[in-house]
Amino acid sequence: MENDPSFVVFSGGSACNFIASAFQSITPSVCYILGVSDNGGSTSELLRVLGGPSIGDLRSRLTRLINADGHDSEERVAIKELLSYRLNSVGDDNTIRDDWTMIVEGRHRLWERISIEKKETIRGFLVLFNFEILKRAHKHFNFRNGSIGNFFLTGARLFFGSLEAAIFLFSSITAIREPTYVLPVINTNHTASIAALLEDGHTLRGQCEISHPGEHLSNHKSMNPIDAFSKLALPNSPQLEHEPNVINSNLVFSKSSEEKLSAAIARIYYMNEYGQEIYPLPNPKILDHLTHRTELIYSIGSLYTSILPCLILRKVGHAIAHSPSLKHKILVLNGTTDRETDGYTALDFIGTITNALNESQLIDARRKYYDTHSEEDPMAGSMRQHGHPHNDFYARPVDHGFRHWPPTQSVSKLTIPPRSITPNAQQEGYMGANSSFSQGLSSSAPFPPELVPNQPPSTYITHLIYLSNSRKRKKKYEK
């Protein structure tokens with residue numbers, strides 16, 4: 001019915017799984033939006049060997065939504081058990097491989113209650129996944145901690161050449177019907193990576209390093225840049241003498257790490273393979289849902305690595321601010337802080353989300369400005385209007401970090417060592433995003449400060465909910 005509520009939920013993988021049933025109990029019209037930048041656990045090995053977007057959080061939400069009641073419930077429970085199954089993270093390699101072989105060959109006990117047509121459909125994509133792994137045998141895929149659901153989604157994505165087609169197949173087999181949707185925040189077949197700039201100027205690359213670092217290896221060091229250009233990911237390529245074995249330290253990790261960050265996070269951003277900041281566009285379907293649904297939820301979960309990667313994408317802030325349909329924009333606060341938000345108050349969460357959504361509009365605001373002022377000398381015009389140098393013009397929402405709102409000149413600016421901005425870019429021989437080259441380009445085209453998006457929190461958040469027991473429930477569902 002027209003007046004029935006409909007939800008659009010920005011969330012991560014494990015935390016929101018606990019409250020997903022609450023939304024479904026109100027209405028089946030729920031759109032879950034999840035990031036594709038996780039690089040830990042089973043996903044990390046898939047990224048290392050096969051590349052592509054992260055699918056672990058998507059698989060986690062899809063399996064959570066499988067309905068265990070009603071007609072054919074026994075088969076759906078069996079499919080849920082299969083697609084939630086993980087290979088052992090400890091033990092003998094051959095034993096773990098044997099377990100996988102029994103699954104892919106259809107001999108495992110997990111297949112017993114699944115009909116032949118669904119069994120062979122699922123198994124067909126597992127066989128394809130296994131074939132792709134065998135083609136890359138020189139990369140020595142590690143099956144430890146491997147998620148069968150992740151393997152199935154990956155096989156389907158590789159077959160169709162489409163992440164959303166793979167999700168559609170998963171939903172069809174498990175009877176997850178519209179109007180319930182699970183959408184990747186970026187619809188891509190490529191790897192999406194995030195980085196965090198800390199207030200002390202250091203940069204952390206990848207979700208694991210930011211949120212739950214894996215085992216630190218004492219002998220780990222950055223690759224020599226000359227070796228980086230010489231190394232080829234091809235079978236029978238010449239190997240460097242004394243080349244160490246590749247160890248994936250993100251394969252097994254703990255989300256309850258007590259190790260603190262060296263400083264608070266200033267901001268989060270997407271980066272390319274060379275460590276340079278990039279500005280991806282979101283899945284167009286997300287903008288459409290923000291235009292037509294009535295309730296917006298910022299879910300519990302990791303603020304900087306689960307929620308913000310969905311919010312900093314171009315056009316998202318504008319869509320939320322100007323949605324004709326959204327009646328309520330609700331922030332669901334975690335019951336406690338974590339490594340990313342140590343010492344945060346509720347106001348810090350609100351300020352961070354506000355600045356992130358303002359920041360998401362900045363690139364398009366600058367693009368529009370330059371499109372309409374390309375014929376004039378922007379430096380001269382800005383000097384005439386403002387009477388002060390370019391360095392004061394470009395006051396981004398994140399100049400003082402996402403956490404602080406409203407941005408004030410009383411907050412000391414971040415001191416960023418040049419080489420810590422994009423370490424990968426420096427190591428690989430590419431200009432960093434804040435290098436003298438890019439500064440030289442921007443100095444000829446300053447952007448008027450009054451055009452910097454700076455909407456107040458009430459534009460993006462209208463209500464606040466606090467879940468006092470979210471930490472306990474989250475731990476219950478972590479695997």
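A polar contact is a pair of N or O atoms within 3.5 Å, where within protein one atom must be able to donate a hydrogen and the other to accept it, and where residues adjacent in sequence count only if both atoms are side-chain atoms. The views below come from a predicted model, in which local features need pLDDT of at least 70 and side-chain atom pairs count only at pLDDT 80 or more, while totals for chains, interfaces and linings use all residues. Residues are numbered from 1 along each chain as its sequence is written, and side-chain values use heavy atoms, with hydrogens and water left out.

**View 1. H212 and the side chain of S211.** The side chains of H212 and S211 are joined by a polar contact of 3.1 Å. H212 lies in the loop between α9 (207-211) and α10 (225-230); helices (H or I, at least four residues) and strands (E, at least two) are DSSP runs, numbered from the N terminus. H212 is buried, with a relative accessible area of 4%, where buried means under 20% relative accessible area, exposed over 50%, and partly exposed in between (1.4 Å probe, protein chains only).

View 2. Four strands form an open sheet in the order β5-β4-β6-β7, with antiparallel pairing; two strands pair if DSSP finds at least two bridges between them. The edge strands, β5 (203-205) and β7 (277-278), each pair on one side only. Strand β4 (residues 193-198) runs antiparallel to β5 and is joined to β5 by three bridges, and A196 has L204 in β5 as its bridge partner.

**View 3. Helix α12.** Nine of the nine residues of α12 are buried, among them Y304, P309 and C310.

**View 4. Helix α8 and its surroundings.** Helix α8 (residues 163-174) has 12 residues and reaches 17 Å from its first C-alpha to its last, close to the 16 Å expected at 1.5 Å a residue; the expected span is 1.5 Å times one less than the number of residues. Nine of the 12 residues of α8 are buried, so the helix is largely enclosed by the rest of the structure. These buried residues include L163, I167, F170 and T174, and what covers the buried residues of α8 includes α3 (56-64), α6 (116-135) and β3 (181-184).

**View 5. The two ends of α8.** At the start of α8, a side-chain oxygen of S162 comes to within 3.4 Å of the backbone nitrogen of E164. Just after α8, A175 takes a positive phi of about 65 degrees.

Notes:
Contact means heavy atoms within 4.5 Å.
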